[in-house]
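Hi everyone, thanks for coming. Let me put the structure up on the screen, and then we'll walk through it together.

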Amino acid sequence: KLFEFYTKYQEGISLSTNTFYMFYLSLTFFHFMHVILGAMILTAVMLKARGGGYSREEHTGVETGGSYWHMVDLVWIILFPLVYIIR
């Protein structure tokens, strides 16, 4: 995604180019930041799990991290058709 953003920038495309690119760059960057946060959350869950931080009774962090990741994934299922197919 960063390469794609860089390529668009090199082509002179920005948020002010037109309405499509305003939405495209805003939505995909916002989603990209959530993916980065999700990767950090899942890494934290993995590290805690390796250290024995979860048990059969206490696994809320795993469920929460997984739910966040799937929410980000679900948003992409909606964003992808909007920004790549409908264009």
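How far apart do the axes of helix α1 and helix α2 come, and at roughly what angle do they cross? Hold that thought for a moment while I tell you what we are looking at. This is a predicted model, so to speak of local features we need pLDDT of at least 70, and side-chain atom pairs count only at pLDDT 80 or more, while totals for chains, interfaces and linings use all residues. Residues are numbered from 1 along each chain as its sequence is written, and side-chain values use heavy atoms, with hydrogens and water left out.

Helices here are DSSP runs of H or I with at least four residues, numbered from the N terminus. Now back to my question. Helix α1 covers residues 2-10, and its axis comes within 11 Å of the axis of α2, crossing at roughly 155 degrees. The axes are lines fitted to C-alpha atoms over the stretch in contact, and angles run from 0 to 180 degrees between N-to-C directions. Angles under 35 degrees count as roughly parallel, over 145 as roughly antiparallel, 65 to 115 as roughly perpendicular and the rest as oblique. That is why α1 and α2 are called roughly antiparallel to each other. Their crossing is left-handed, meaning that the near helix is turned anticlockwise from the far one by less than a right angle.

Who makes this contact? From α1 we have Leu2, Glu4, Phe5 and Lys8, and from α2 Tyr21, Tyr24, Leu25, Thr28, Phe29 and Phe32. Contact means heavy atoms within 4.5 Å. These residues divide into seven nonpolar, one polar and two charged. For the classes, Ala, Val, Leu, Ile, Met, Phe, Trp, Tyr, Cys and Pro count as nonpolar, Asp, Glu, Lys and Arg as charged, and the others, Gly among them, as polar.

Next, the other helix pair. The axes of α2 and α3 come within 10 Å and cross at roughly 160 degrees, so these two helices are also roughly antiparallel to each other. The crossing is again left-handed. The contact residues here are 18 nonpolar, seven polar and no charged.

Let's visit a few residues. Where does His31 sit? His31 lies in α2, which runs over residues 19-50. With 10% relative accessibility, His31 counts as buried, where buried means under 20% relative accessible area, exposed over 50%, and partly exposed in between, with a 1.4 Å probe and protein chains only. Not counting residues up to four places away in sequence, His31 touches Val72, Val75, Trp76 and Leu79.

Leaving aside neighbours within four places in sequence, Thr28 is in contact with Lys1, Phe5, Phe23, Trp76 and Val83. Thr19, also in α2, counts as exposed because its relative accessibility is 52%.

Over in α3, residues 60-85, we find Gly65. Gly65 is buried, with a relative accessible area of 3%, and beyond its neighbours within four places it is in contact with Ile41 and Leu42. The C-alpha atoms of Gly65 and Thr19 are separated by 34 Å.

Last stop: the largest nonpolar core has six residues, Phe5, Ile13, Tyr21, Tyr24, Leu25 and Val83. Helix α2 gives the most to this core, with three residues. Such a core is a set of buried Ala, Val, Leu, Ile, Met, Phe, Trp, Tyr and Cys residues joined through side-chain atoms within 4.5 Å.
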